[in-house]
Amino acid sequence: MLRAHSRGAAVQKPSPDNPDVTLITPSSPMSTPTHGGRAKCLQRLVRLDLPVPRTVALSFDTVHQLAGGYRPDVSELLTEFDPDTLLCVRPSSEDPDWGGPGAFLNIGMNDARHKALCARIGDVAATEIYLRFIMNYAVDVARLDAEVFDEIDGASPAALAKALVLYEEEAEEPFPQDPAVQLAEILRSMARAWEGTTARLLRQAKGAPVDAGLGLVVQEMALGLGSGECGSGVLQLVNPSTGLPQVTGRYLSQSQGREALDGGAASIFLEKDPRGPSLEELAPEAFAALKEHAALMRARLREEMQIEFTIENGKLHILDGVRVERSARAALRIVVRLAEDGIITRQEAVMRIEPRALSELLHRQVAAKARRDVLGSGIAASPGAATGRIVFSSEAAQASAARGDPCVLVRRETSPEDIRGMHAASAVLTERGGMTSHAAVIGRGLGLPCVVGAANMRFQVKRRSLVATDGRVLKEGDEITIDGTNGQVLAGSVEMIEATLDDTFRTFMSWADAERDIGVRANADTPADAKTALHFRAQGIGLCRTEHMFFEAERLTPMREMIFAHDPKDRQAALELVLPMQRADFLELFQIMQGQPVCIRLFDPPLHEFLPTSRAGQRELAEALDIPVSDVTRRIESLSEYNPMLGMRGVRLGISVPEIYDMQARAIFEATVEAAKEGITVVPEIMVPLVSAKREVELVRTRVEAVASAVRTENDVDFSYRLGVMVETPRACLRAGDIAEHTHFLSFGTNDLTQMTYGLSRDDAGRFMSEYVRQGVFSEDPFHILDTEGVGELLRLGVVRGRATRPNVVLSICGEHAAHTESIAFCREAGFDYVSCSPFRVPVARLAAAQLALADKIK
C-alpha cells in the first residue's frame, strides 16, 4: 500500500476486478482495444526479441478509474523496475491519430538520483535532467504557472536550488522526492487530461468515439548518456515524403565531450555522409542492428515502422515502434511495395488507402510545411491548389491566359457565361455557393482548385478589390493562392507539391478494379473532360451536359438569334448554324471514348442564361441582331422568372421550344453515323432532364424517334440508341414506374433532387449550412454527403418502382454525391448499376467501391 499523499488524499486499494498493471511479456494478456496500440506494439517488439526496456501497461479501465480518483498501488508497480532507474510514461490510445497527453520523462528524479547521476554523466547533464523534470512536473501535474521559472537560467547547482525553492513557495509543499508519489500523481494527471472536455472534443473531431479509452505504459528509461558512444534518435527504412526505400531519421549524439541534452547535442547523419560524422561510423554495430530490427519489424508487423532508440555506451535500446508518418503519395508506394514483397495481400493494400487521399495525388497541393498567410476561407469545393493574379471577369481571365499569366477568377458567383473564364483561370474563388453550385461543379469537372462561399471576405467587384478577414485590401493583379483542398485563400505564392500519377498508382488502381462490383463513369462535357475520364479509367460518360457547349462566341450568337426568333421556322434556321458544331462535338466524344457508353443530357438551363445582363452587353446584342435595344430588353424581361431553377428549363423547354431537342437529337445521330464509318460502334444514350410526368417522356420520345428515322433514311444506315430520363424531381421518383415504361435507363440527379426535397437553394445554402451542421440540425451538408434517409427514401422508391415496371432498366446516380463512399455504399445496397462523377473524382470512386466490396467479403 502507498502511504497517504502529502496533500492528505486517502489511498485506495487496487480493485480486484481491474488489475493496475500488466508487465509486457510475450505472453501477457494485451490487446489494442483494452491497452491501446502502443502497448500492443511494444509487446510485438518484445516477441521479436528486440532490446526493449522493461515496460508495464495500464488498461483503459484502470486509466478511466484514475481520472475518477482511484489510486493504484504504485509501490507494487515500482517493484517491476530496478530501483536505480528513471521511468517514463507514454499514452497508448487505440488510434494514434486521436492524440493524447504527451510523454512524461525522467520520473524518479530526486536529490539522491541527481547526486548519483552527476557522478555518472556529469554535473551539467544531470542538473539539466533534474531541472526539466521539476519544471514539467510543476506545470503539467501541480498546475503551476510556467512563468514562475522564468528567472531560472542555465543548469547550475544554484539554478537547481532556486527551482526547488520556487516550487515549494508556489505549491505550498516541497517538491516530492518519493518516486512512488511522483508516478502516482503523473498517472492521475495524464488520465484526467484525456478525460477533459477540450481533449474529448478534439479527438471526436478526428473521428474518435465519445467513450474512446486511453492506456498508459510505464517504461524504464535508457538515457543515452555516458562515457562511450551515447545518443538518441529515430530511424526508418523509407522516405516519408516519397515512399521510396531510404534510411532516414535523425540521431543526436551526446558523446565525445558534448554535454547536456539539446544545447550541446550534435545532429548526426545516419549513413556515411561527406558532410559530417554518421551513426554508421560512430556506432557501426548499433547502426547495423537498427537496420536489421527495422527490416524485421516491417516483415513481421506488416508495416513500415519508425524505430525510436537510444544508444548508451554503445548498447542499443529500442524504446518504441510507430507507423511511419507519410504523405499520400508515400502511403500509396508503401502499400504497393508491401504487397509486391508478399508481406500483405493486394486486397489489404487496397483497404489501407483512404479514398479521399487520392485527391492529393491527382492535383497540385500546398506543401505540408509551407507557411500559410490566410486571407480568408470558404467551402473546399474542388481539391488542389494554384497561384495566380486576381481577376474579376471572364474576359480578364482569358486575356491573362493569352499573356501566359496564371490568374484566379474571383466572382460573387459564377454562371454559365463564366465557362470560358474558368477554363482560362488557374483557380476560382466565389463569395456565394455551396458544394453543388455552378463554380463547384464545373471546378471539379475541370480539375480546377475552387473555394466557394467565402462570405467572411468582402467582394467589392465594382471596385475591383477583395477585402481579407483581417482588413487587408487586395486589388486586381495581386497574387493569391487558392487551396481548394482545405478551403483557404492564402496571400502570395506558396510552396507546392506536384501531382503524381505513375506506374505505382496504375498498379494500385488495377488491384482496386479487380475487386469492385459497381460501375464508375465520368461526368464529362468537353473533349478535354472525356480524355481525362479515359485517363482515369472511367467506364464511359454518365453525364454530358450539352449546354456547356453553347457558350463559345461562335455558338452564342446563333443561340441568341434562336431566342429572338418569332416562329419555329426562324428558330430552326438559327439552330441550323449550331447543328454542325454540335455534331462535331459529339463525334469527337465518340472518337475519344472508342465505343464506351456516352450519356448525353439534352439542353437543360433556362434561356435567359444566354442573354446579357449588363446594359453594354445588351447594346452589343442589339447591334449584332440589328434590332433596337428596347426589343432586347423587352425579350429579356419576358424571359425573366421568379425562380428560374424551377421554371421553364429542361424537358419543359424541350416541349415548349422543340426545335432545340430536334437539333440535338439530329447532331447525336449524325455523329453516330460518322463514327460508324470510322469503325467505332456507338449506342448513344440520350437523357431527358427534369422530367416529372410520363407524358413529358412520351412527347420527347416521339420527336426523337422521328429524327432518328429521318437520319436513318437520309444515310441509308441503321443504328441503335437508348433513351433515358434524369430523375431529379421528387415526383419522378414517386412515378418512376410510369416513366420507366418509356425509358431504357433512369439516372438520378441528386443535386437537384436534394434541392427540391429539402426546399433548399443549393447556391445559397452555404450561407447558413455550417451553422446548421454545428447545431445538429443536419449531421452533414446534404449537398456534400447524400442524405440516405430523406433523399435516399425517394431514391429507393424510384429503384423499386422503376424495376417493378422494367426489370432490366439501368439505374445510376450522376449528381456530385456520386464519388463519396457513403453514397456508393447506398447505391450498391439499393441495386444501382453505376455511379457517375467528375473526371478527377473517378479514381476516388473506384477505390471506394472496391473497399466496400472487400468489406462485404470480409463480413
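Helices here are DSSP runs of H or I with at least four residues, strands are runs of E with at least two, and both are numbered from the N terminus. With that in hand, start by selecting helix α30, residues 769–774, where you will find Y772.

Before going on, a word about the model. It is predicted, so to speak, residue by residue along a numbering that starts from 1 in each chain, and as a predicted model it needs pLDDT of at least 70 for local features and 80 or more for side-chain atom pairs, while totals for chains, interfaces and linings use all residues. Side-chain values use heavy atoms, with hydrogens and water left out.

**Stop 1: a surface patch**

**Stop 2: salt bridges**

The structure holds 55 salt bridges, each a side-chain nitrogen of Lys or Arg within 4 Å of a carboxyl oxygen of Asp or Glu.

Select R71 and E185, whose closest N and O atoms are 2.9 Å apart in a salt bridge. This pair links distant parts of the chain, 114 residues apart: R71 is in the loop between α3 (60–67) and α4 (74–78), and E185 is in helix α8 (residues 179–195). Are these two buried or exposed? R71 is buried at 11% relative accessible area, and E185 is buried at 4%.

Next, select R372 and D483, which meet in a salt bridge of 2.8 Å, N to O. R372 sits in the loop between β11 (365–366) and β12 (374–377) and D483 in strand β21 (residues 479–483), so the pair ties together parts 111 residues apart in sequence. Here R372 is partly exposed at 30%, whereas D483 is buried at 0%.

Now move to R828 and D856, a salt bridge with its closest N and O atoms 3.0 Å apart. R828 belongs to helix α32 (residues 821–830) and D856 to helix α33 (residues 842–858), 28 residues apart. D856 is partly exposed, with a relative accessible area of 41%.

To see a network of salt bridges, select R302, E303, R323, R326, E348 and R352.

**Stop 3: a cavity**

Rolling a probe the size of a water molecule over the atoms shows where empty space is left. On a 1 Å grid over the protein atoms alone, a cavity is a set of points where a 1.4 Å probe fits but cannot get out; a pocket is an open set with protein on both sides within 12 Å along at least five of seven lines, and lining residues have an atom within 4 Å of a point. Points are joined across faces, edges and corners, and a volume is the space filled by probe spheres set on them.

There are three cavities of 30 Å³ or more.

**Stop 4: a pocket**

Finish at the second largest pocket, with a volume of about 1200 Å³. Of its 48 lining residues, T414, S415, P416, H438 and E609 lie nearest its centre. Which element supplies the largest share of the lining of this pocket? That is α17, with four residues.

Notes: Buried < 20%, exposed > 50% of the residue type's maximum accessible area, 1.4 Å probe, protein only.
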